[in-house]
Amino acid sequence: MSELTFPGHTAPDKTASALPATGTLLLSQIRYQMLLLMRSPRGMLFSLVIPVLLLVLSSSRRHPDPQLEAALVAGLAAFGLIVTAYISHAIGLVTGRQDGVLRRWRATPLPTWCFFAGRIVATVLTALASVAIAVAVGTAIYHVHLTGGIALSLLVIFLLGALAWAAIGTAVTALVPTAQSAGPVLMVTYLPVILFSGGLGSVSAEPGWLATVARYLPAEPIISSATRALTHTGPGLSLISGRDLAVLAAWAVGGVLASAVFFRWDPVRPRHAPSR
Amino acid sequence: MTATSIAIEVEHLVKRFGSFAAVEDVSFDVPAGQVAAVLGPNGAGKTTTIEVLEGFLAPSSGIVRVLGADPRQGGRAGRARKARVGLVLQTTSLDLQLTVAEAITLYAGLFPRPMAPAEVIEMIDLVGDAQTRIGALSGGQRRRVDLGLGIIGRPEILFLDEPTTGLDPEARRELWAVIQSLVAGGTTVLLTTHYIEEAQRLADRVIVLDEGRVVADATPDQLRARGGTPVIRYHLPPGVGAGDLPAVLAGHVDPVRNELLLPSPDLTADLDALVGWARRYRADLTGLEVTPPSLEDAYLSLTSEAPCLS
């Protein structure tokens, strides 16, 4: 085929035909995905506003035990993080799949890994922003103090937690047929986990076996490690439980592997009425 | 690629979903620079064929090549090939939260030699709405954004899957104008459509599918000549009724409009009968019309009777 020409354009330079650098593509994807997340009012409400609101409302019944206050701040910070990294992320993917946006991306020269990396980095950054706001409000209201070491420990815990939940959210989209069903399916899968993990306050009379199960789910390790960090009083980094990190890492790896196998770019075709 | 090379090759394509064969033994080539329209009723296999060509579906059997390669080719070579292909999907596929300018600029960054975003926005006639979020645009405007994203990378091949379905006539004509300007630049276009007028306006060639098979593959003129029938129209003078006409014509009079409307496979014989009658009755033939066969007539005869004319 002869080189294309468009009105007002000269034939392009052959040396310019190289594909754009992947670093540039990745940065562009991160910016794009952050724009989508920031312009999702429902997602922003649940991840940024609700945790802060709950923290403020809970301040009227302040508890003398700093451990319980730290657990409240850690739990609500984890709640905001999970809403962003799991719910908003997965709903965004399902909606994009249903609207044909994923299909369009798949047809472009963008590498697949770049699409997912951009999306997950943007999700993690937004989730960490929600955590930062919740922790900042928590330190202002409660007997929780923040040092550089504690902040670094929290960063490690919440970063790994956000990665784990984003990976699980990506995989779970395979179970969600439509954008309309995304909300209920995601709520059913995350709400019990966050409740039994103490994300919305400690659960009294929780059976021992349930507490044990919760320790191997991806919310409780975030909350317990973050609570320990927020109550750390010595200098330097607070110790993060190796078991908590291992549980979160396992969920992250499992989510990535499940996504690689089960992720769908297109909506399910109806079996009874195939489209020609 | 030379000016005479083949941009799209389809050889004995079969695509099954379970036991259901959506496409059965479809073959055609599209030379570079040609505009080919794939026509057919719902369920004919148009969308499945184009989705195989776009790389979204794997063929059950047969060979498909786009720009000389498998459309599902991966790796860097696959990315380089995708950079030369543009597409407009059957339904709008846009992030409603982005503005027109943001979406066009974002996609421009994916290609090695994109058009200037401002130029594309001007081509799709959305300069005044460049900073408007896509979610606030009308259906026709969104479809133009779809087209803008499809052409931003200066594609050598553009796939258009029912690009104007659901648009009003004015929006349809505006989209046609954009497509025609691309075609003038040498872009190969494969479009599926329900609209005969669209195929007639845009295509050098029409491929008619019915029940998953090619039933015709010809230029619009050839297709009209093959499958259509000219029509004789004549408004009968006052005081003349169907009973006054020869038997061969009388059965084709619309009694409400008192008009002869005769699809005529043998134009010479039918006109001879009408002119002979007019001479005998001294009837005035002013207003007599012979309309050529339409592409729509040809298409309908093909898809209802399904003769293989290719």
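Tutor: Confidence here is pLDDT, the predictor's value for each residue, from 0 to 100; helices (H or I, at least four residues) and strands (E, at least two) are DSSP runs numbered from the N terminus. Residues are numbered from 1 along each chain as its sequence is written, with chains lettered from A and ligands numbered from 1 in the order in which they are written. Local features need pLDDT of at least 70 and side-chain atom pairs count only at pLDDT 80 or more, while totals for chains, interfaces and linings use all residues.

Student: Over which residues of chain A does pLDDT stay under 50?

Tutor: Where pLDDT is low, the predicted coordinates should not be read in detail. In chain A this concerns residues 1-16, where pLDDT stays under 50 and the model has 26 contacts beyond four places in sequence; a contact requires C-beta atoms, placed from the backbone, to lie within 7 Å. For chain A as a whole, the mean pLDDT is 84, and 86% of the residues reach 70 or more.

Student: How many helices and strands does chain A have?

Tutor: Chain A has 10 helices and zero strands. Of the contacts in chain A with a separation of 6 or more, 85% join residues 24 or more positions apart.

Student: At what angle do the axes of H3(A) and H7(A) cross?

Tutor: Two packed helices are described by the angle between their axes and the distance between the axes. Axes are lines fitted to C-alpha atoms, for helices over the stretch in contact, and angles run from 0 to 180 degrees between N-to-C directions. The axes of H3 (residues 66-98) and H7 (residues 179-196) of chain A come within 10 Å and cross at roughly 160°. H3(A) is therefore roughly antiparallel to H7(A), a term for angles over 145 degrees. Residues making the contact include A:Phe79 and A:Tyr86 of H3(A), and A:Leu186 and A:Tyr190 of H7(A).

Student: Is B:Arg154 buried or exposed?

Tutor: A residue is buried if 20 or more other C-beta atoms lie within 10 Å of its own, exposed if 12 or fewer, and partly exposed in between, with C-beta atoms placed from the backbone. B:Arg154 counts as buried because it has 22 C-beta neighbours inside 10 Å. B:Arg154 lies in the loop between helix H5 (139-151) and strand E6 (157-161) of chain B, and its phi is near 50°, a positive value in a residue other than glycine.

Key:
Contact = placed C-beta atoms within 7 Å. Parallel < 35°, antiparallel > 145°, perpendicular 65-115°, else oblique.
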